[in-house]
Amino acid sequence: QVQLEESGGGLVQAGGSLRLSCAAAGRTFSDYAMGWFRQAPGKEREFVAAISRSGGSTKYYAASVKGRFTISRDNAKNTAYLQMTSLKSEDTAVYHCAAARLRIGIEAGVYDYWGQGTQVAVSS
């Protein structure tokens, strides 16, 4: 069991940056792969980025964010991050972090625990 809470969302101009945080509590954070997903109104949830357990040596990114977003983790702080740069209006969505017990993946189904989300709005 792990509880996740996102923070750092807000309103930003196109081309700007935001850093999202996902604070975890309840179990050993380093044992979980972590992912970020987003969902815009009226659209399905989509994968954004993921990082493997422990040292985070493996990272996956959606093609739409590769080169602009960076996922990282700080196990000492039980926190995962999503650094977003060069933001576009298309990035507007509620961003959720998730934790996977078994493996890293791009599919929502591999993640066992989810945060409630933080809103990111990019104005153009």
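The talk below goes through side-chain pairs and the nonpolar core of a predicted model.

Visitor: Why is the pair Arg38 and Glu46 called a salt bridge?

Guide: Look at the distance. A nitrogen of Arg38 and an oxygen of Glu46 are 2.7 Å apart. The cut-off is within 4 Å, so the pair counts as a salt bridge.

Visitor: Is Arg38 buried or exposed, and how do you know?

Guide: Arg38 has a relative accessible area of 5%. Buried means under 20%, so Arg38 is buried. Glu46 has 35%. That value lies between 20% and 50%, so Glu46 is partly exposed.

Visitor: What makes Asp91 and Arg68 a salt bridge?

Guide: The N to O distance is 2.8 Å. The limit is 4 Å, so this pair passes. Asp91 lies in the loop between strand 8 and strand 9, and Arg68 in the loop between strand 6 and strand 7. The pair therefore ties together parts that are 23 residues apart in sequence.

Visitor: How do you know whether Asp91 and Arg68 are buried or exposed?

Guide: Asp91 is at 1% relative accessibility. Arg68 is at 11%. The cut-off for buried is under 20%, so Asp91 and Arg68 count as buried.

Visitor: Why does the pair Arg103 and Glu107 count as a salt bridge?

Guide: Here the N to O distance is 4.0 Å. The rule says within 4 Å, so the pair is counted. Arg103 is partly exposed at 44%, and Glu107 is partly exposed at 41%. Salt bridges with shared partners also join Arg38, Glu46, Arg68 and Asp91 into one network. The count of salt bridges comes to five.

Visitor: How many aromatic pairs does the structure hold?

Guide: Five. One of them is Tyr32 with Tyr113.

Visitor: What makes Tyr32 and Tyr113 an edge-to-face pair?

Guide: Take two steps. The ring centres are 6.1 Å apart, and the limit is 6.5 Å, so the rings pair. Tyr32 is buried at 8%, and Tyr113 is buried at 15%.

Visitor: Why is the pair Phe37 and Phe47 edge-to-face?

Guide: The centres are 5.6 Å apart and the planes stand at 75°, so the pair is edge-to-face. Phe37 lies in strand 4 and Phe47 in strand 5, so the pair ties together parts that are 10 residues apart in sequence. Phe37 and Phe47 are buried. With Tyr111 and Trp114, they form one aromatic cluster.

Visitor: Where does the charged end of Arg45 sit?

Guide: It sits over the ring of Trp114, 4.2 Å from the ring centre. The charged end of Arg19 sits over the ring of Tyr81, 3.9 Å from its centre.

Visitor: Which residues have the most contacts inside the largest nonpolar core?

Guide: Leu4, Met34, Trp36, Leu82, Met84 and Tyr95. This core has 38 residues. Strand 9 gives the most, with six residues.

Visitor: What does Leu82 touch?

Guide: Leaving aside residues up to four places away in sequence, its contacts include Leu18, Trp36, Val48, Ile71 and Tyr95.

Terms used:
Residues are numbered from 1 along each chain as its sequence is written. This is a predicted model: local features need pLDDT of at least 70, side-chain atom pairs count only at pLDDT 80 or more; totals for chains, interfaces and linings use all residues. Side-chain values use heavy atoms; hydrogens and water are left out. A salt bridge is a side-chain nitrogen of Lys or Arg within 4 Å of a carboxyl oxygen of Asp or Glu. Buried means under 20% relative accessible area, exposed over 50%, partly exposed in between (1.4 Å probe, protein chains only). Helices (H or I, at least four residues) and strands (E, at least two) are DSSP runs, numbered from the N terminus. Rings of Phe, Tyr and Trp (its six-membered ring) pair if their centres lie within 6.5 Å; planes under 30 degrees apart count as stacked, over 60 as edge-to-face and the rest as tilted. A charge sits over a ring if NZ of Lys or CZ of Arg is within 6 Å of the ring centre and within 35 degrees of the ring normal. A nonpolar core is a set of buried Ala, Val, Leu, Ile, Met, Phe, Trp, Tyr and Cys residues joined through side-chain atoms within 4.5 Å. Contact means heavy atoms within 4.5 Å.
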